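Subject: Structure handover

Dear colleague,

Here is the structure I said I would pass on. Please look it over first; my notes follow below.

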Amino acid sequence: MTFKVLIVDDAPDLEVLIRQRFRKRIRDGEFEFVFAHDGEEALRKLKEDTSLDVVMSDINMPIMDGLTLLSRLTDINRILKTVIVSAYGDMQNIRTAMNRGAYDFLVKPIDFQDFEVTLDKTIQELEGIKAGLRAREELTAIQYELGVAARIQQSILPRVFPPFPLRTEFAIHAQMVPAREVGGDFYDFFLMDKDRLGFVIGDVSGKGVPAAILMAVCRTLLKATAIQSSSAGECLKYVNDVLVRQSDSAMFVTIFYGILHTDTGDLEYCIGGHNPPYVLSRSGEIQELKEPSSGLVGVFENLEFATGHIKLSPGSFVILFTDGVTEAVDSSGTEFSGVRLRALLERNAESPVDQIVQSILDEVRIFSTGLPQADDITAVALRYVGE
C-alpha cells in the first residue's frame with residue numbers, strides 16, 4: 001500500500017532532498033510525496049486529493065503559516081495526522097501546534113533519519129486508528145444484522161396471547177429471553193385438529209446465530225411433521241433422522257413435544273433429552289414427567305423415541321422450561337435449581353398461565369442479579385381447563 005504524504009514548506013531545495021532520501025521507498029511504492037509551498041496551496045491539494053492523510057508542515061511560511069493551516073485542517077472531514085516542523089528552540093510555537101492537534105514535531109535543521117522515524121511512527125499510528133474505525137463500522141453492521149435476526153426470530157415464535165381466544169378448554173402462555181441478540185431456545189403450539197393441541201419446547205446446543213438457524217429449522221420441521229405423525233414419539237423420530245442427515249454433527253437439540261387431547265385431558269408426550277416438565281395440580285401437588293425419556297435429537301440416526309401418556313385433571317398445569325431456568329446461578333455460583341422452581345410453582349398453583357411464566361422469568365432474573373445472562377431462558381405454561 002502506498003502512503004501519500006503532503007510536505008508543506010517554502011524551502012526550494014527540500015523537495016530534492018526528500019526525493020533523494022526516500023528514492024528506494026518511492027521506487028518500491030511505499031511512499032508518494034506531494035509538495036505545497038504555503039498553507040493555502042496545501043489546503044487546495046488536501047481537498048483535491050482525498051488519499052492524502054499525512055501532512056508535514058513548516059510553521060513559518062508566506063501567505064498562510066503552519067499554525068493557521070493546523071486550525072483549518074479541522075474543516076477537512078477525514079482523519080489527518082500532522083507533523084509540524086519548526087526552528088530549534090521555538091518551543092512556544094511548537095506547544096501551540098501540539099495544542100491545535102499536531103501529532104508530533106521535528107526541528108530544523110532537519111535530521112533525515114529522525115524525519116524517517118517520525119514519518120513511520122505517524123503512519124503506524126494512522127493505520128491503527130483506521131483499523132479501529134473499520135472494526136467499529138464492521139461491529140455496527142454486525143449489530144444491525146443481529147438486530148434484524150433477533151426481530152426475525154421473535155417474529156416466528158408465537159407472541160399473541162391468548163393464541164386461541166375462542167378455545168376455553170385450555171390456556172397457554174410462553175416467553176423466551178435470549179442470552180444474546182439471537183438464541184437457540186424455541187417454543188411453539190398449534191391446533192392439529194379440533195380436539196388436539198400440539199405444543200413444544202426446545203433447546204439447541206450452543207448460542208448465537210448458528211443455534212438460531214438450527215432452532216428455526218427444528219421448529220418448522222417439527223410443526224410440519226406433527227400433523228402427519230400418529231404419535232409424539234414418531235414425530236420426534238422423523239425430526240431426529242432428518243437433522244442427523246442434514247445438520248452439523250457437532251450440534252444437537254433437546255425437545256419436549258406434547259399433544260393434549262382437549263376433549264378428554266389425555267396428554268401424550270415425548271422427551272427428546274429435554275428437562276422433564278412438571279405437572280402441577282390445582283391443589284399444588286407437583287409431578288415430574290421423567291419417563292419415558294429418549295435421547296438427544298439430531299445425534300444418532302434411527303434412534304427410537306418413546307411416547308408417554310398421562311391424564312390431566314381439570315385445572316392442572318403443564319410447565320415446560322429450558323435449562324437456562326434451573327441452571328441460572330447467583331453471585332456465589334449456586335444454581336437456581338429444580339427445588340426453587342418447584343417451590344415457585346407451588347406458590348402459584350392458582351395463578352393464570354401468563355403470571356406463572358412471568359413469575360419464573362422474574363425469579364430467575366432476581367436470583368442472578370448483577371451477573372450476565374449465561375443461557376437462553378424459556379418457559380411455557382399450559383393449563384387444561386376441561387369442558
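Leaving aside its neighbours within four places in sequence, which residues is S231 in contact with? They are I259, E268 and T307. Please keep in mind that this is a predicted model. S231 sits in the loop that runs between helix 7 (208-226) and helix 8 (232-246). Its relative accessible area is 19%, and since buried means under 20%, S231 counts as buried.

Helix 7 and the cores

Helix 7 has 19 residues. From its first C-alpha to its last it reaches 27 Å, close to the 27 Å expected at 1.5 Å a residue. Its buried residues include G208, L214, M215, C218, R219, L221 and L222.

The largest nonpolar core has 51 residues. F199, L222, I255, Y257, L260 and L267 are those with the most contacts inside this core. Helix 7 gives the most to it, with seven residues. Apart from this core lies another, of 23 residues, with V353, V357, A379 and A381 among them.

What does L267 touch, not counting residues up to four places away in sequence? The list is F199, G258, I259, L260, L289, G308, H309, I310, L312 and V318.

Five strands form an open sheet with antiparallel pairing, in the order 6-16-15-11-12. Strand 6 (170-177) and strand 12 (286-288) stand at the edges; each has a single partner strand, so one side of each is left without a neighbour in the sheet. From one strand to the next, the twist averages 15 degrees.

Strand 6 pairs with strand 16 (residues 377-384) in the antiparallel sense, over eight bridges. Within strand 16, L382 stands opposite I172. Helix 10 (residues 337-347) lies across strand 11 (278-280), strand 12 and strand 15 (316-321). The helix runs at about 20 degrees to strand 11.

Strands 1 and 2

Strand 1 (residues 3-8) and strand 2 are paired in the parallel sense, over six bridges. One of the bridges joins L6 to V34 in strand 2. Why is strand 2 (residues 31-36) described as largely enclosed by the rest of the structure? Because five of its six residues are buried.

Aromatic pairs

There are 14 aromatic pairs in the structure. A pair of aromatic rings is described by the distance of the centres and the angle of the planes. For F112 and F115, the ring centres are 5.7 Å apart and the planes stand at 45 degrees, so this pair is tilted. Both residues lie in helix 6 (residues 112-156), three residues apart, which is about one turn of the helix. F112 and F115 are both buried.

For F164 and F170, the centres are 5.9 Å apart and the planes are at 65 degrees, so the pair is edge-to-face. F170 has a relative accessibility of 6% and therefore counts as buried.

Which residues do ring pairs link into a cluster? The cluster consists of F22, F31, F33, F35, F112 and F115.

Those are the notes I have for now.

Regards

Note on methods
Residues are numbered from 1 along each chain as its sequence is written. This is a predicted model: local features need pLDDT of at least 70, side-chain atom pairs count only at pLDDT 80 or more; totals for chains, interfaces and linings use all residues. Side-chain values use heavy atoms; hydrogens and water are left out. Helices (H or I, at least four residues) and strands (E, at least two) are DSSP runs, numbered from the N terminus. Buried means under 20% relative accessible area, exposed over 50%, partly exposed in between (1.4 Å probe, protein chains only). Contact means heavy atoms within 4.5 Å. Two strands pair if DSSP finds at least two bridges between them. Axes are lines fitted to C-alpha atoms, for helices over the stretch in contact, and angles run from 0 to 180 degrees between N-to-C directions. A nonpolar core is a set of buried Ala, Val, Leu, Ile, Met, Phe, Trp, Tyr and Cys residues joined through side-chain atoms within 4.5 Å. Rings of Phe, Tyr and Trp (its six-membered ring) pair if their centres lie within 6.5 Å; planes under 30 degrees apart count as stacked, over 60 as edge-to-face and the rest as tilted. The expected span of a helix is 1.5 Å times one less than its number of residues.
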